[in-house]
Amino acid sequence: MKIDVFNVNLEDECQFDLLIFAVGYEARARHIAERYRQSAKTILGYVFPDGHLLSFDHNRQFLTECGGHELQSNVSIQNRLQGLDAGADFSGSKICLDVSSLNRGAMASLLAELLDSDFFKNAEITVLYSVAVFAPPPPEELDFLDFAPLDKFGGWTSNPERPTALILGLGYETDHAVGALEFLDPSVTFAFFPIGSDQKFEKHVEKANRSFFELISSDRIIKYPVLSPYQTFWEMRSLILSLRGVARIVLVPMGPKIFSSLCLVSQRMFGDEISIWRASGHSLAMARDAHASGEITGYLIKRVDQ
Amino acid sequence: MHENPFFDTFNAKHKTDAEIAGSFVSPPNALERLITKGHTVLSGPRGSGKTTLLKMLTLPALHKWSGEEAASLKQKIDFVSVFVAADRSWHGQLNGLTKEIPDESAAELLGMSAFTTHIFKAITATFIDLESLPQAEGQFYSGLVTKLDSPKERDICVHLADLWLLKPRAYTFAEIRAALSQRLAQIGILRNQLRFSNNPLSNEDNRFLFVDYREGMRSAADIHNHISRLDSRRWSFLFDEMEVAPSFVQESLFSDLRGEVDKLKINYKLALAPFNKNFRASFDDRGASHTHDYSHIDLSFARKENGYDFSRRLCNLMLRQAGISADVETMLGTSYFAFEDDDAADQNSSTKKYSNTKPLGKIFQSLSEKDASFHNYLQQRGIDLSNVEELDEKSSARTLRKVRNIVVLREYFSRPSKSGLQIEQLNSRSRKSYILYSGNPSMLALTEGNPRSLINLFAPLVAEYKQLEGKQTVSGARQADEIQKAIRVMRSLLKTVPHRSRKYQGRGLLPFLDGIGLALHRGLMSTKFSDQPPLSFRVDHGVNPDDLSAIGKALNIGALVYVPDQDSEDILSNVIGNRFRLNYLLAAHYKLPLSLDREISLSTLLSQQASYRQARMDFSDEN
């Protein structure tokens with residue numbers, strides 16, 4: 001199986017056989033589904049087992065209203081689709097995955113199935129992301145908990161003797177980048193710094209990573225536009241290509257979910273020598289609503305199966 | 001390994017042999033002890049130079065080494081070393097096996113086989129390195145290396161393939177190494193299969209999973225020795241970063257120290273963090289004493305004087321490499337603090353420097369005027385600061401020297417008030433606070449003899465000094481900037497290490513250490529003047545288990561430093577009953593002197609903190 005990544009023009013009319021979005025506690029979770037509900041034959045709402053608060057009830061209600069179906073976190077997409085239609089065939093199908101409100105674990109689980117399962121062979125997967133209205137990070141500092149390889153994307157190296165190259169996505173979680181750097185103790189580090197439409201976000205990222213910037217030189221910071229994931233993918237691809245012959249690459253996606261999705265796709269594209277690690281410091285006690293700013297961005301993955 | 005412009009300078013893992021050797025400074029006696037016969041355990045926190053030391057034992061690095069001690073030490077090398085690299089991301093994958101694979105014993109089998117294959121790859125890489133060394137004649141390794149012609153290389157590879165159950169495409173070292181990489185990939189495939197099927201491991205093709213690393217190592221060494229006609233040659237296996245290895249790997253290697261391997265022919269050199277809960281258990285199970293099984297080298301310096309020479313030499317090497325001939329003392333100027341912890345060291349000191357016309361004397365005078373408890377302290381000892389020349393030289397000098405650092409801090413961070421001495425709030429921390437910790441040897445003390453800390457703290461200062469063309473010392477303010485940065489980074493890191501207690505949930509180790517720092521600070525500043533405030537603590541049985549675990553983590557990061565008593569254990573598996581101090585960078589953050597002084601039990605210290613009320617000292621108190 002081979003996968004290719006392409007740009008998408010969201011102005012074009014889109015038709016999807018399947019649309020998957022998160023039924024979580026953020027209002028923006030349904031923004032993309034609201035826009036594309038008429039263009040999707042089947043809609044699945046990924047329901048988190050917990051966090052049923054804030055906008056969760058509205059999102060669930062919307063799922064019902066638009067004729068969508070719940071996808072529980074312990075059920076595969078294939079099983080759910082075959083439960084709806086025993087003869088369902090999604091090979092060569094067009095799928096839309098909205099990653100805006102998925103956590104990294106759920107995103108990994110859904111993308112792993114869409115990219116690996118024969119049920120979705122030759123599928124075209126449009127990954128979309130709805131930018132949130134800026135809200136400052138919660139004042140409480142979060143632990144850098146559970147830092148470990150991400151399930152299904154942890155990779156497996158044949159060259160453990162090679163030095164580690166760390167590629168981080170920066171977010172506004174204070175000092176999580178320092179935690180990753182100190183924990184993995186890499187020989188080389190690169191960091192992707194998100195640039196969005198709202199400069200306030202940029203300032204918070206800058207502030208949250210102040211100590212991290214003391215530790216790495218400025219030429220290792222790659223600023224990327226959140227609204228141009230295809231361009232970001234190519235920058236990441238070039239970086240991985242230049243490092244993979246001499247180092248073991250560990251990707252630690254923090255910051256916008258669209259960047260996390262690009263990390264997962266890159267891992268599948270380059271294989272087991274790339275490892276994704278998850279820095280999870282999230283707690284539902286810190287849960288806050290997030291509203292869509294109206295900006296949507298995305299990219300297209302094409303599976304080419306024999 | 002070839003030089004790569006991508007890699008950062010502070011991490012020894014990727015460095016070339018020439019880079020390792022070119023920047024090598026041995027911690028006191030460490031290399032000399034490391035090359036002695038027998039197993040060795042090397043311990044130290046992150047950045048303490050364990051990887052560098054291990055890599056320096058390899059023949060290619062030793063060959064490139066031309067330092068002052070090099071010639072004599074190289075002559076003592078009577079073994080060949082295999083460096084077994086490790087790091088957290090790989091070990092994270094091995095640890096992940098037990099989470100991914102339902103059958104725990106199958107997960108362990110795959111993990112052990114991956115580790116075994118990794119050791120075999122390291123052995124093969126060493127065989128290749130030996131072939132790349134210049135002709136042995138006249139070199140220190142002339143009795144350790146003989147050039148192998150192609151038939152001999154083939155002969156070794158045939159034996160290795162048989163022993164390690166490999167099918168290389170050709171019988172060369174390079175192809176053996178390639179076949180071992182393929183095997184690691186195959187183990188990855190088996191991992192994936194195990195997620196979905198019951199038992200793919202019993203397949204005849206997977207017999208390699210059961211190859212024992214000890215037998216594989218011993219026989220590989222024997223084969224190479226035999227074909228090289230060096231039958232009595234010894235081998236050292238250098239296992240780096242064992243603290244991050246999966247428990248089953250750690251336990252196996254630790255138990256080998258008890259004699260599972262032929263100690264006369266094969267020695268282990270294990271690098272470990274200072275605290276490891278598995279270590280002692282591996283010995284206690286067998287009811288054995290550890291002292292005869294291995295020697296221990298500790299790379300942390302509980303008493304700062306022991307690390308000065310090493311830090312100074314390392315810093316001076318940085319200066320030389322930057323093309324500067326001046327030494328670190330000239331670059332930094334002199335510290336505010338005195339650093340003779342040993343009374344005998346200052347016997348000849350004169351009291352003259354405490355006269356009120358001298359800078360130090362003015363500080364003493366100033367504190368005596370605003371701090372009644374200090375004034376009383378001096379009175380009780382018959383010391384009149386306005387007349388220090390008349391004092392008995394020896395005893396007064398000793399008293400004044402003993403309290404010097406405390407006086408400097410109390411004076412610097414306080415101001416007089418109507419009701420007593422007003423102590424500057426600990427959270428009012430300007431760059432100015434850190435100027436007090438600038439200069440030599442304070443700056444050297446702040447690095448804890450830790451090469452990574454030293455490089456991080458000193459590299460910008462060396463660059464600055466070069467810009468000044470060595471014409472003036474780097475200013476205290478500039479040094480304070482770097483201290484402040486280093487503290488900020490360390491505190492950021494401490495926030496990211498989880499503390500298990502609910503009390504600290506979401507805030508990592510930092511608030512726990514802040515509790516200790518704050519309590520020590522209060523003991524120094526917010527009570528009557530004492531010439532022996534507690535600056536270290538002993539962990540007692542009253543400390544809760546979550547805090548015990550936090551202390552272990554803080555030790556391994558280097559935020560706490562173990563202060564061993566005489567005859568105390570080496571690698572700590574239990575922190576209870578042991579003495580610790582804060583890392584000096586953190587001590588500077590809490591405005592403490594850089595010394596050990598008196599110890600206090602941790603429970604007492606933390607309970608004092610809990611009951612503390614914002615203190616103001618009473619000038620009328622008798623001391």
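Student: In β13(A), which residue is the bridge partner of Tyr129(A)?
Tutor: Thr297(A) is that partner in β13(A). This is a predicted model.

Student: What makes β6 and β13 of chain A a pair?
Tutor: Two strands pair if there are at least two bridges between them. Strand β6 (residues 124-132) of chain A and β13(A) have 8 bridges, in the antiparallel sense.

Student: Why are β7 and β10 of chain A placed at the edges?
Tutor: Take the strand order of the open sheet: β7-β12-β11-β8-β9-β10 in chain A, 6 strands with mixed pairing. β7 and β10 (221-225) each have a single partner strand, so one side of each lacks a neighbour in the sheet.

Student: In what sense do β8 and β11 of chain A pair?
Tutor: Strand β8 (residues 164-169) of chain A pairs with β11(A) in the parallel sense, over 5 bridges. In β11(A), Val252(A) is the bridge partner of Leu168(A).

Student: Which helices pack on this sheet?
Tutor: Helix α8 (residues 229-243) of chain A touches β8, β9 (188-195), β10, β11 and β12 (274-278) of chain A. The direction of α8(A) makes about 155° with that of β10(A). Helix α9 (residues 257-270) of chain A packs on the sheet too, touching β8, β9, β11 and β12 of chain A. Its direction makes about 150° with that of β12(A).

Student: Now chain B. Why is α7(B) called roughly parallel to α10(B)?
Tutor: The axes of α7 (residues 104-132) and α10 (residues 213-228) of chain B come within 10 Å and cross at roughly 15°. Angles under 35 degrees count as roughly parallel, so α7(B) is roughly parallel to α10(B). The crossing is right-handed.

Student: Which residues make the contact of α7(B) with α10(B)?
Tutor: α7(B) gives Phe115(B), Thr116(B), Ile119(B), Phe120(B), Ile123(B) and Phe127(B). α10(B) gives Tyr213(B), Gly216(B), Met217(B), Ala220(B) and His224(B). By class, 8 are nonpolar, 3 polar and none charged.

Key:
Residues numbered from 1 in each chain as written. Chains lettered and ligands numbered in written order. Predicted model: local features only at pLDDT ≥ 70, side-chain atom pairs only at ≥ 80, totals over all residues. Axes fitted to C-alpha atoms, helices over the stretch in contact; angles between N-to-C directions. Helix = DSSP H or I, 4+ residues; strand = E, 2+ residues; numbered from the N terminus. Parallel < 35°, antiparallel > 145°, perpendicular 65-115°, else oblique. Left-handed = near helix turned anticlockwise from the far one by under 90°. Contact = placed C-beta atoms within 7 Å. Nonpolar A, V, L, I, M, F, W, Y, C, P; charged D, E, K, R; others polar.
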